[in-house]
Amino acid sequence: MAVEEKNTRCQVGLTGNSAVAYAMKQINPDVVAAYPITPSTGVMEEFSSYHADGKVDTELITVESEHSAMSACVGAAAAGARVMTATSSQGLALMWEVLYIASGMRLPIVLACVNRALSAPINIHCDHSDSMGARDSGWIQLYSETVQEAYDNMLQAVRIAEHPDVLLPVMICLDGFITSHAIENLCTLSDSEIKEFIGQYKPRHSLLDTDNPVTFGALTLQDNYIEIKRQQSQAMDMAKDVILSVGKDFEDSFGREYGFLESYRMEGADVAIVILSSAAGTTKVAVDELRRSGKNVGLVRPRVFRPFPYKELSEELKGVKAVAVLDRVDSMSSFGGPLFVETRSAMYGLENAPAVIGRVFGLGGRDYRVADAVDVFELLLNIKDTGNVDKVVDYITVRE
Amino acid sequence: MSEKEEKKKGWKDLPIGGVLLIPGSAHDYSTGGWRKFRPILDEEKCTDCKICWVMCPDSAVKVEDGKMVGFDLEHCKGCGICAVECPDKVKAITMVEEEENK
């Protein structure tokens, strides 16, 4: 089912996958290389329909594995093409070594990661094991709460990735099934608005430019390797300003606001939950319930995980007494999940730093209900009152 | 600007992503330092069949005016393929430990 050409604005009901595929169709990238995997299959299924119907000019490469998909993306991007792909779970895991090559070669590829648990045991449902495992691969990561945000993030990702100060690949994450397969109302933009917003991609170098031949990925040993990695680290740092300026431009053009993080009812909050993606929506309902009964609770939802907005996050949380960071992934380090570890580290050194606890939840698609969020808030309020932290890290939504 | 000059540049001045902007510059990058065994040519025995030149995985067998004249030790990594491939009746190349040859 392809979305109608006419601009229906804010009356479009789409699944997350459809919205991502529609964004890709509107971006009209030069090359898409992909291999289907649940739950991201719908993205490629619909995009290949656009391709078959002649709605895009894209060269669609149907490869035999995700390792090949990302390799084809790398080759096409080095040739100077605007390149996109989509995957999930084991697919992202199979792309692993090539993810580092994409970022190391500074190729602005955009990947939609529809978050799904990793085997074993095999499971097709949502958690963040896949993208969080790739958190040190040098990709920018944006986590989407809603279908609207997934759509908007895709559009902004192109601008962020291709910015001359950045030139890094961007991973747009949305929750498998919860967001990818649920229909939400959203505002789409017209093709011409998107064309104007993303502009034309002018690659620094192209392997197809035989008048100016270059070599990508040459042997770089003790004499230069650390300098090239230092550049890459700088690009990730520079991405912070670019993410904000692209977000501002998006807001000025289309009215929806995007920054590093979303704060929800943090005014005067005593305690807060930090959580990514769709589970923030559930948590907001709990915040509203508790606020109605006079409890000062709030939510901070990082939209950007790479680069990690540690200053902004600690600034946002410095006034509260206790924070729970909820990870839909376990680092298997015996010290909680990655969002917890990094948030807690960002708070270190603050005067009167709040207690920060970590809770792993929702692995393999286990439901995270409003009641679960309320329980965490009640625990935080108890920590605030008593100062006692019984367990720094633990699981919730698990049978004991 | 040669690759050798580029090596001294700081991270802010090196090409983004380590892209090489000069074609054919591998020649300027010395990789012979890895070598453990050095090929030694016995010119008396060599028949100029140039099988070693064909088989060298680098371009470290030097040929001038159709004649095998020795090795480019800036790039020879001492793999010894040339010595193995040199025909049994000729065996003009022997591999000698670098340390012993210094």
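B:Val54 sits in helix α2 of chain B. Helices here are DSSP runs of H or I with at least four residues, strands are E runs of at least two, and both are numbered from the N terminus. This is a predicted model, in which local features need pLDDT of at least 70, side-chain atom pairs count only at pLDDT 80 or more, and totals for chains, interfaces and linings use all residues. Residues are numbered from 1 along each chain as its sequence is written, chains are lettered from A and ligands numbered from 1 in the order written, and side-chain values use heavy atoms, without hydrogens and water.

B:Val54 counts as exposed because its relative accessibility is 58%. Exposed means over 50% relative accessible area, buried under 20%, and partly exposed in between (1.4 Å probe, protein chains only). Helix α2 (residues 51–55) of chain B gives the most to the patch, 4 residues.

Now turn to chain A. It is divided into domain 1 (12–254) and domain 2 (261–395), with bounds from an automatic or database domain assignment. Their contact takes 27 residues from domain 1 of chain A and 26 residues from domain 2 of chain A. Contact means heavy atoms within 4.5 Å. The two domain centres, taken over C-alpha atoms, are 28 Å apart. About 2100 Å² is buried between the domains, and carbon and sulfur atoms give 54% of that. Buried area is the accessible area (1.4 Å probe) that two parts lose on being put together, summed over both.

The rule finds 5 salt bridges across this domain interface. A salt bridge needs a side-chain nitrogen of Lys or Arg within 4 Å of a carboxyl oxygen of Asp or Glu. In chain A, the side chains of A:Arg306 and A:Asp136 form a salt bridge at 3.5 Å, N to O.

Last comes the meeting of the two chains. Chain A and chain B bury about 1600 Å² between them, 64% of it on carbon and sulfur atoms. A:Thr215, A:Asp223 and A:Gln231 supply 26% of the area that chain A buries against chain B, more than any other three residues. Across this interface the rule finds 0 salt bridges.
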